[in-house]
Amino acid sequence: MRPERLDVDSMPEALLPPVVTWASSAVASAVRAELGLEPTDPGPLPSGARTLVVCGGGTLIDRAKATAKRRPEPVRVVAVPTLWGAGAEASPVIVLNGSDGVKEIAIDDAFLPDARVVWPEPSATAPTALRRAGAGDVWAHTLEALISPLAGDSIREDAAALVHELLPLTPGGEHATTWLDLSARACALQSRASVGLAHGIAHQLEGPLGIGHARVVAAVLPSVFALAVAEAPRWEDVAAAHELDAERIAARLAQLADPEDLSAIRAALSEYWRAILRDPMTRTNGFLVRPAHLDAFSGVAA
Amino acid sequence: MAAREKLNDLLMDVFLLDDGELGDELRRADLDTWDSLGTVSLAVGVEEVFGYHMTPEEATGLESVGGLVALLRTKGIEIE
């Protein structure tokens, strides 16, 4: 089951009134001007609401999914991602930040948005660093699904096809519509195959370091991928079966990281390594992550 | 490295154990890290170290280290 894909022009057909709109502050004025919708502050939905349009990143979209779908009479969710990467618009997973700093993670097909809208303009004008980090999240969802111990042949085939489509694209470059579509597909894979070490690291470090999820993932993914090629029992077979070139992939991943993020992450990795090893995301990684693997990140800083 | 040593290293890394906690009598119920995700990690580790891909039924059916040793023996992997 996938959310219906809509373009901005066809979005009005999916909006059953009364409509409530949430938008991140960065796009609120564009939502008014270009989508003709009036954003309100995120919070409890008024009784009688039938559609919640949410324009923003993964955190806001996940909050909308939880708010709308946990009601006794669920409200339609129309998700409009403003950047690629998180893929919340195509995922049955919600990750909510609790007031105590603990993340709530829940998975249920009921959380899938009813429609996802491809609106390339906000992504196309986002800062290059954010676009590049979002590309890192897309790559991570794809590669972690590719070698996931929970993946079957069908997921591997889909993930390998995505790798071939991602390879020609410059991370953070043009082709916003393509990135948004690939992001949704990668996230759909992740929801079926789980994620791995890059996400386990991000899960543990993004809060304490104050570095966004996608930026942490993008920074560590080159090292995680190098470890996967060396250690994952199924990498060689998967690569051969799907004609995947590890060197070519590694060259693309090397374009993802921000040098300042890399330095901060390297400085913190050792303190958090044990928590990373115990993180649920790390424990569905495609190779066994061992205490000694911390050394593989010693060169992660620029 | 002997097979027993490889197994012990694997178990320490999968379940984040110390040397002193290891033994065939160690049971799944004794370890908070031997949950469903620990089972996934163990299956990945066994494939890496011993080249044997456990079926989901084999992996989830394990109740102790002794059970794992016995399973590996049936696959021709002798743990002294």
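## Helix pairs and domains in chain A

The crossing of H8(A) and H10(A) is left-handed (the near helix is turned anticlockwise from the far one by less than a right angle; clockwise would be right-handed). This is a predicted model, in which local features need pLDDT of at least 70, side-chain atom pairs count only at pLDDT 80 or more, and totals for chains, interfaces and linings use all residues. Residues are numbered from 1 along each chain as its sequence is written, while chains are lettered from A and ligands numbered from 1 in the order in which they are written.

**Two helix pairs**

Helices here are DSSP runs (H or I, at least four residues), and strands are runs of E (at least two); both are numbered from the N terminus. Axes are lines fitted to C-alpha atoms, for helices over the stretch in contact, and angles run from 0 to 180 degrees between N-to-C directions.

| Helix pair | Axes come within | Crossing angle |
|---|---|---|
| H8(A) (residues 213–231) and H10(A) (residues 246–253) | 9 Å | roughly 165 degrees |
| H5(A) (residues 153–166) and H6(A) (residues 176–193) | 10 Å | roughly 150 degrees |

H8(A) and H10(A) are therefore roughly antiparallel (angles over 145 degrees; under 35 is roughly parallel, 65 to 115 roughly perpendicular, the rest oblique). Leu221(A), Pro222(A), Phe225(A), Ala226(A) and Val229(A) of H8(A) meet Ala246(A), Ile249(A), Ala250(A) and Leu253(A) of H10(A). Two residues are in contact if their C-beta atoms, placed from the backbone, lie within 7 Å. By class, this contact has nine nonpolar, no polar and no charged residues. Ala, Val, Leu, Ile, Met, Phe, Trp, Tyr, Cys and Pro count as nonpolar, Asp, Glu, Lys and Arg as charged, and the others, Gly among them, as polar.

H5(A) and H6(A) are therefore roughly antiparallel too. H5(A) passes H6(A) in a left-handed crossing. The contact includes Asp158(A) and Glu165(A) of H5(A), and Arg185(A) and Arg192(A) of H6(A). Its residues divide into eight nonpolar, no polar and four charged.

**Two domains**

Chain A is divided into domain 1 (4–124) and domain 2 (128–297). Their bounds come from an automatic or database domain assignment. The C-alpha centres of the two domains lie 25 Å apart. In the contact, 17 residues of domain 1 of chain A touch 21 residues of domain 2 of chain A. On the domain 1 side, strand S7 (115–118) and helix H3 (120–124) of chain A each supply at least two residues. H3(A) gives the largest share, three residues. That side has ten nonpolar, five polar and two charged residues.

**Confidence**

The model scores ipTM 0.86 and pTM 0.92.
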